[in-house]
Protein chains: 2
Amino acid sequence: MKVHVASTGLARFGKRSEGLVELLAEAGAEALEGIGRKPIDCLIVGNMAAGSLGGEENLTARIADRLGLDAASGFRVEAASASGAASFHAGVAAVAGGSSERALVLAGEKMTSLPTDQVAAVLARSLAPSEMQIGATMPALAAVVAQVYLHRYGLEAEAMDAVTVAARTAAAQNPNAQFRVPVTAAEVAASRPIALPLRLLHCSAISDGAAAVVLERGPGAATVLGLGQGRDALQVVDRSDITTFRATRIAAQRAYEMAHLNRKQIAFAELHDAFAPFALIDLEDIGVCGPGEAAQWFSSGATAPNGRFPVNVSGGLLGRGHPVGASGLVQIVEVARQLRSEAGPMQLGGAHGIGLAQSIGGLAAHNFVSILGQEAAE
Amino acid sequence: MKVHVASTGLARFGKRSEGLVELLAEAGAEALEGIGRKPIDCLIVGNMAAGSLGGEENLTARIADRLGLDAASGFRVEAASASGAASFHAGVAAVAGGSSERALVLAGEKMTSLPTDQVAAVLARSLAPSEMQIGATMPALAAVVAQVYLHRYGLEAEAMDAVTVAARTAAAQNPNAQFRVPVTAAEVAASRPIALPLRLLHCSAISDGAAAVVLERGPGAATVLGLGQGRDALQVVDRSDITTFRATRIAAQRAYEMAHLNRKQIAFAELHDAFAPFALIDLEDIGVCGPGEAAQWFSSGATAPNGRFPVNVSGGLLGRGHPVGASGLVQIVEVARQLRSEAGPMQLGGAHGIGLAQSIGGLAAHNFVSILGQEAAE
């Protein structure tokens, strides 16, 4: 059965004074208003680590209570930094499988309550325990990936700088973004080293925020065409190649197969750029260009809003902010808003009838791809 | 589409030296052996609070890696103390909806790594924040429920003692149970007060443990006939009546409707007796007897293995142990093993073709009912 995104909601990204339930309620209320408060029979809540980050458990009951959704079945869904994408896949399954008529999918994270080093320690728990125990962190392993990638293709750090510049330029147009001031390549290159070659402005920021979609049966302006998930070895050291993410390649292949589409038919994408080099790898992994070619796409403007293949027109994780369990669903909201011509100042010109969202769980151990497209309502 | 439990696995309950991933792998390996290691395309992991209790995140990736399930889609599912039941419902949705051919559902919890008071604090986070902040704990609120229930129906604490005696008698037959020594009513009545009228032996114990089921398409000896979920106000003070759990009544009604069955057609049940008085309320809420009648059922032996309606023949949460995120799936394993005549020393005599499992999330804010029955394989 076809499923479409009937309505969307977002809670602005950045350091927020509100708690997680309030942020989820803010996004949820916007999505519910969008369907005229029609009844919801399924509530799926995506979140990575409310227990560890904020001492909150039983989140689904809390938000159901808050939104008055006492008739809704459902549960919380977690898949590390891809929790938002996983919650979307779970919601689609409920509606497509017939157990739900109309589902509300929420995803959010509240990260700014703890000091940055404690947040980083929680995020590092997504890594293989063996690697975490010898001191690996997300940025440290991402730096290894970046280093090997740049070396393999004879690139300099400027290739990553261009990704950040594009993300921050796009985010300046996004009223919900955490970073609304563009940066220059020189500023990126001069920013504080985090784990070289990664500098501060190559890394997405700790954020609060939430997203919501209402899913209904049948086709619509933002219809789910294909979904795919893929895995890779949890230990990065066990992987044969770290210049590509096997988990994305498998997820994309499955999503294309389900959608009966090939890569050329995708018009734009939201990619998981938690670190700038990931955007390069992601673009190659979804098959838009070949290995080592992505840097040229970013630097030439081909991925800009007016380019051949717009990427992260809402600013991506780098510009929009990365509330970790929310981002996968934020991507879906942004793709759906483009398809529904609701993207405001970020609306793409011309025909962009099929969009793709790609989300990374942990250090690319469990990735998700979702393809949405315009179909005529019945 | 029909779905059946094709195979089951358990990791023994109690204080275990192994970590959570090892316990999940132990249960999972048993279930995978049971189907001859046929390929799994979906992995759902139920767990309440691995982050808060053990500093573990990204559990699904860890266990997929450990079991070599690199082709499986899926995610972690959480619904407080009903996480195991929620994971089962999510797994059934994946197979029934057609996105999975064969799903492995795992659920587990590792609780004994922390001191008891810290575990209790994590569990209390399932309550309404307003009630938690004024010092309420699970046992404290359960004691209020017990007190009102006993008073309403003119019962004494002996009604609860009988529930514990039955649970511990049953658990003595269960090789996986945490408590294999029966207790007398006098011992229950003399046990340490926790929150009167609740004494130590009226309360389920902190446990480690895990469960697993493999779900396949089509009918079988343990076919899913009906599933239902129900909610109630998170704040206990907002409920009109605390001698019954609205969330169970709604979940049961929905499960009966989906199964096209009435209460009289259910032969036995696994009920969520985290506290002894809950078993009384549960039996009434699933409609086996009327309000205030359950105590007579337990004290007369009607709920014993050879009674009219056997309850918790594997020992329940009170006798078997309550690894909080696992218990809802443990119940499913026990029902399925009865239907598949695999219950060993706990096997019920006679015809017991339809069983029910009932799981409570938080303080009965989000409850789950599942009905399984024997159907001829096609």
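Helix α2 (50-54) of chain A and α2 (50-54) of chain B each put at least two residues into the lining of the largest cavity. Here helices are DSSP runs of H or I with at least four residues, numbered from the N terminus. α2(B) gives the largest share of that lining, three residues.

This is a predicted model, where local features need pLDDT of at least 70, side-chain atom pairs count only at pLDDT 80 or more, and totals for chains, interfaces and linings use all residues. Residues are numbered from 1 along each chain as its sequence is written, chains are lettered from A in the order in which they are written, and side-chain values use heavy atoms, with hydrogens and water left out.

Searching the whole structure turns up one cavity of 30 Å³ or more. A cavity is a set of points, on a 1 Å grid over the protein atoms alone, where a 1.4 Å probe fits but cannot get out, and lining residues have an atom within 4 Å of a point. Points join across faces, edges and corners, and the volume is the space filled by probe spheres set on them.

| Largest cavity | Value |
|---|---|
| Volume | about 70 Å³ |
| Lining | 13 residues |
| Nonpolar in lining | five residues |
| Polar in lining | four residues |

Nearest the cavity centre lie G51(A), E57(A), R76(A), G51(B) and R76(B). Asp, Glu, Lys and Arg count as charged, Ala, Val, Leu, Ile, Met, Phe, Trp, Tyr, Cys and Pro as nonpolar, and the others, Gly among them, as polar.

How values were computed. On a 1 Å grid over the protein atoms alone, a cavity is a set of points where a 1.4 Å probe fits but cannot get out, and a pocket is an open set with protein on both sides within 12 Å along at least five of seven lines; lining residues have an atom within 4 Å of a point.
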